[in-house]
Each structure stands twice: as C-alpha cells, then as structure tokens.
Amino acid sequence: MFDILSLLQCLLPQINVTTMRQLNQIILAMLAMSGRVTMLGISRWTGAGGSYRTMLRFFGTVIPWATLFWLFFRKHLWRENEVYLLAGDEVVVSKSGKQTYGLDRFFSSLASKPILGLSFFALSLVSVEGRQSFPIQIEQIIKSDNQTNSTPPIQKVKPKEKRGRGRPKGSKNKNKAEVILTSELLLIQKMINSLFKLVGNFIPLTYLVVDGHFGNNNALQMARQVNLHIISKLRHDSALYIPYENPDSSKRSRRKYAEKLDYRNIPNTYLCKSAIEDEIQTDIYQATLLHKEFSQALNVVILVKINLKTNTRSHVILFSSDLTLSFEKIIDYYKLRFQIEFNFRDAKQFWGLEDFMNLSQTAVTNASNLAFFMVNLSHHLLADFRQLNPGSGIIDLKAYHRGFRYVREMLKMLPEIPDPILLTQIFAKLTALGRIHPVSIGVEPS
C-alpha cells in the first residue's frame with residue numbers, strides 16, 4: 001500500500017496539520033471509491049474522522065493550491081535533465097442549477113455548442129522527454145459584466161461620409177506591439193507571473209504552447225511581456241506575406257511586404273521535408289513570413305497533406321515568435337500541447353471535476369484544484385505501480401486501492417490474522433477485481 005501521508009509531507013509548511021490529515025483521508029477515499037466523486041461520496045469511503053461535516057470543513061477552507069501544486073511537482077515529479085514547456089488551455093464542465101459560483105454559458109468543444117457550466121483555465125508543465133503534462137495552476141474563468149450582458153441595444157448609426165482614395169491626412173502609424181489585453185489574456189498573464197514567483201530560476205521556461213484560439217497578435221504580445229515565446233496555430237486562410245527584398249541594395253526602400261503566400265503554390269525554397277505514406281504525401285515548409293495584424297515577423301511552419309489518389313489537399317499553419325526554432329521542434333512542441341487534454345479527461349473521469357456539487361467560491365475552487373492535484377498524484381503513483389505492473393492505468397490503480405480497502409476491513413472482523421500465504425492469495429484475488437491488466441505476481445500486501 002502506498003504511503004500517501006509521506007508523499008504529502010512536503011506540503012506541511014503551507015497547510016496546518018488538521019487540513020493535512022483531512023486531505024490524506026480524502027485522497028485515500030478517492031483512490032478506492034467507486035461512483036460519483038462528491039463530498040457525500042467521499043465521506044462514505046473515508047474511515048473514522050471523515051464524516052460529511054469534515055468534508056464541509058475541508059472544502060470551506062482556503063488552501064494555497066498554487067503553492068501545493070508547485071511543492072508536490074518539485075519534490076516528486078520534476079526530473080533534472082528534462083526540458084519543460086508551459087502549456088495552457090481552457091476546460092469547460094457542465095453544471096446545472098442556478099447558485100454555483102461562476103455558473104454561466106461557455107462554449108464546449110466536446111458538445112460543439114455553448115453549455116451551462118463552469119470554465120477553468122489550466123497552466124501545465126509539459127515534459128518534452130517524458131511526454132507527460134503536469135497541471136501546475138488552475139483558475140476559474142468568470143465572465144465580466146460586459147460579457148454576460150445581453151446584446152447591446154441597436155443604435156442608429158449615422159452614414160459615414162465618403163472620403164477619397166488614399167490615407168487620411170494627419171493619420172499616424174499604430175504601434176502593433178502596444179495592445180489592449182482582453183480579460184482572458186490578463187488572467188493568463190497574472191497566472192504566469194504568479195507561477196514565475198514560485199518557480200524562480202528552478203526551471204527555465206522559454207515557450208508557451210497554446211491552441212489556435214490564441215493564434216493572434218494580442219496573445220503573442222502577452223507572451224512576450226512575460227518573456228516567453230509563443231507556439232500556436234494560425235487560421236488555415238491567414239494572409240501571410242513574404243518579406244520584401246530590395247533587388248537594388250544601393251537604394252533604400254520603405255516597402256515591407258512582397259507577394260502574398262499562395263498555399264497551393266508554396267515556393268520550393270521553403271520545403272524542409274517531404275514523405276509519402278499510405279499514398280498520403282506530407283510536405284513540411286518553414287519560412288519567416290509577415291502578417292499585417294502582427295507586430296513582428298513569424299516563424300511559420302506549414303504542413304501540407306496531399307492525397308495522391310484523389311489529389312485533394314489540406315494544410316495546417318503553425319507559428320512561433322522565436323525565429324530560430326527549427327520546424328521539428330515547433331511541430332513536436334505543438335503536439336505535446338495535447339497532453340493537457342489527457343489531464344482534463346482524467347480529472348473529469350476519475351477525480352470528480354465533472355461530479356462535484358459545491359456552490360460557494362471557496363468550495364468550487366477546492367473541488368476543481370483537488371481534481372487536478374489528484375491527476376499529478378496519480379502520475380507519481382503510477383510510476384511506482386508500473387514497475388511491478390507494466391501497462392497499468394488509473395483504473396488498475398483504483399482497483400488495487402479498493403481491493404486493499406476490502407482486505408483491511410475484512411481483517412478487522414477476523415479473530416486472528418490468516419496465514420501469510422493465504423493472506424497473499426486473498427490480497428491478490430481482491431485487488432484483481434475490476435482491473436484491466438492482469439495482476440503481477442510481485443504484488444504483495446504491505
């Protein structure tokens with residue numbers, strides 16, 4: 001049996017002993033329990049001292065989750081020789097009722113429509129070598145009054161006077177680096193600055209990897225303001241331009257943009273790699289290009305796939321603000337961003353992100369952060385569990401803890417402890433219930 005309390009010793013300076021004891025009971029219950037992960041469900045699987053009132057007290061306590069995430073990661077998950085990326089994404093969970101803090105309508109990519117629920121933004125440290133994502137900071141997204149208001153009243157607009165051709169007299173160039181950040185980007189910037197205060201120089205972070213929702217100049221400027229390079233995706237129809245090169249170097253030219261890039265006829269000088277597999281040709285292009293909405297040149301990687309049978313084609317446009325980054329790393333780092341989606345899946349499926357029924361702000365914060373904390377804890381537990389049980393997942397881990405709980409309760413009823421050989425057989429039999437992968441012969445009771 002894993003000693004959960006010893007794993008949490010690194011958190012003691014930040015939370016008191018009572019909260020630590022409650023957290024230990026809750027974690028053991030969540031590892032063993034079946035059914036919905038709610039306060040009532042957890043209380044039914046805890047031992048002595050884990051009543052429903054204890055759950056109410058724990059979820060009503062203000063806990064410094066950002067510090068706990070970092071301390072646990074540094075102690076148990078960090079690997080010295082690995083490179084880490086900072087990834088971010090939003091997760092939406094469905095909720096009903098009217099009184100839950102932050103309840104509103106958010107767009108769900110799973111449902112492909114706005115749904116009633118809660119929204120959280122998660123920052124995660126992604127290991128390039130380990131190919132795993134570790135949630136490090138979670139914040140709930142609250143829509144501002146301007147966003148929640150209904151459509152503004154229709155106002156009569158005076159017809160604009162027709163002006164002549166050309167640029168209006170007296171107009172000035174706008175500095176595209178000076179942008180007004182949205183409330184969403186301000187929240188992300190605040191989270192990153194808070195994370196940097198905790199991390200310091202312990203982990204060098206260079207890149208922020210986000211999805212295509214942040215493939216715009218505002219997000220790029222936000223990342224540069226916190227000294228990070230962004231890696232993201234552009235729209236498939238983005239207007240990209242080749243930088244203008246003056247053929248006559250003796251004359252100064254103020255022209256900045258050359259011809260617009262045609263995605264069906266990309267110059268071969270930008271081709272980096274081409275491969276054919278299952279009659280699908282994949283061409284990878286890389287170039288430093290310009291976009292009229294961005295303040296700086298972009299390191300653009302274009303992946304073009306052509307079906308050699310039907311001659312149909314499609315393309316994806318990735319970009320980075322780091323002009324020196326190779327196309328292999330841009331593609332690989334953007335692929336790693338998807339690891340955060342597995343964190344969302346586990347938090348919803350196993351650790352109660354979709355189940356909790358808390359209403360107050362503190363309780364909602366604790367429930368959501370606890371779900372993601374369990375994601376990190378399960379990463380550490382599975383690393384040890386797979387040494388004797390290769391290929392095991394969270395379902396196998398929970399079945400193991402549930403079986404151990406059954407054995408422990410059964411032993412309390414027996415007048416004397418069974419023979420060690422019989423006890424080992426009982427333990428192996430009960431911990432195998434509900435497992436996907438077969439039980440290793442090395443599993444023994446502790």
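F59 touches I26, M39, I42, N358, T362, A363, N366, A367 and L370, leaving out residues up to four places away in sequence. The model is predicted. F59 also stands out in the largest nonpolar core: F59 and L11 have the most contacts inside it. That core has 114 residues. Helix α11, residues 361-388, gives the most to this core. A second, separate core includes A87, V209, L325 and L336. In soluble globular proteins, nonpolar side chains tend to be buried together.

| Core | Size | Residues included |
|---|---|---|
| Largest nonpolar core | 114 residues | L11 and F59, with the most contacts inside it |
| Second, separate core | 18 residues | A87, V209, L325 and L336 among them |

Is N299 buried or exposed? N299 counts as buried because its relative accessibility is 1%, and the cut-off for buried is under 20%. N299 is found in strand β11, which covers residues 298-307. The N299 side chain reaches the backbone oxygen of D322 at 2.9 Å. Beyond neighbours within four places in sequence, N299 is in contact with Q286, A287, L318, F319, S320, D322, L323, T324, L325 and I330. One of these contacts, L325, belongs to the second core.

Now the surface. L40, Y52 and L56 make a nonpolar patch of about 260 Å². L40 lies in helix α3, residues 39-45. L40 counts as partly exposed because its relative accessibility is 39%, between the 20% and 50% cut-offs.

Definitions and conventions:
Residues numbered from 1 in each chain as written. Predicted model: local features only at pLDDT ≥ 70, side-chain atom pairs only at ≥ 80, totals over all residues. Heavy atoms only, no water. Helix = DSSP H or I, 4+ residues; strand = E, 2+ residues; numbered from the N terminus. Buried < 20%, exposed > 50% of the residue type's maximum accessible area, 1.4 Å probe, protein only. Polar contact = N/O pair within 3.5 Å; in protein donor to acceptor, adjacent residues only side chain to side chain. Contact = heavy atoms within 4.5 Å. Core = buried A, V, L, I, M, F, W, Y, C linked by side-chain atoms within 4.5 Å. Patch = residues over 30% accessible without salt bridge, like charges linked within 9 Å, V, L, I, M, F, W, Y side chains within 5 Å. Areas by Shrake-Rupley, 256 points an atom, 1.4 Å probe, with all protein chains shown as cover. Salt bridge = Lys/Arg side-chain N within 4 Å of Asp/Glu carboxyl O.
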